[in-house]
Amino acid sequence: HLFTVENDEPNVNEDVQTLLDIYGNDNQIPTTGPVTVTQPTNGTVVVTDPNATPNNPSDDIVSYTPNPD
């Protein structure tokens, strides 16, 4: 089954970590498998799995931290 996800491009405050709602603009997302990300040019993205469910992406948290000035 093929699916398409949309890029997430939030507005963030400079030098402040932001949690991203990665599912808010997507439809028919997979319910199994890991979340993978592409690192942005001007910061760092980290995926955490607070419930220790590596094959369930629905509870994963994605945070973005912009590079400092």
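Student: Leaving aside neighbours within four places in sequence, which residues is valine 62 in contact with?
Tutor: Valine 62 is in contact with Thr18, Leu19, Leu20, Ile22, Val35, Val45, Val46 and Val47, where contact means heavy atoms within 4.5 Å. Bear in mind that this is a predicted model, with local features needing pLDDT of at least 70, side-chain atom pairs counting only at 80 or more, and totals for chains, interfaces and linings using all residues. Numbering starts from 1 along each chain as its sequence is written, and side-chain values use heavy atoms, leaving out hydrogens and water.

Student: Why is threonine 18 called buried?
Tutor: Its relative accessible area is 18%. Buried means under 20%, exposed over 50% and partly exposed in between, using a 1.4 Å probe and protein chains only, so threonine 18 counts as buried.

Student: What does threonine 18 touch, not counting residues up to four places away in sequence?
Tutor: Val12, Val62, Ser63 and Tyr64.

Student: What makes E2 and E3 a pair?
Tutor: Two strands pair if DSSP finds at least two bridges between them. Here 6 bridges join E2 to E3 (residues 61-66), so they pair, and they run antiparallel. Strands (E) are DSSP runs of at least two residues, numbered from the N terminus.

Student: In what order do the strands form the open sheet?
Tutor: E1-E3-E2, with antiparallel pairing. E1 and E2 stand at the edges with a single partner strand each, so one side of each has no neighbour in the sheet.

Technical notes
Helices (H or I, at least four residues) and strands (E, at least two) are DSSP runs, numbered from the N terminus.
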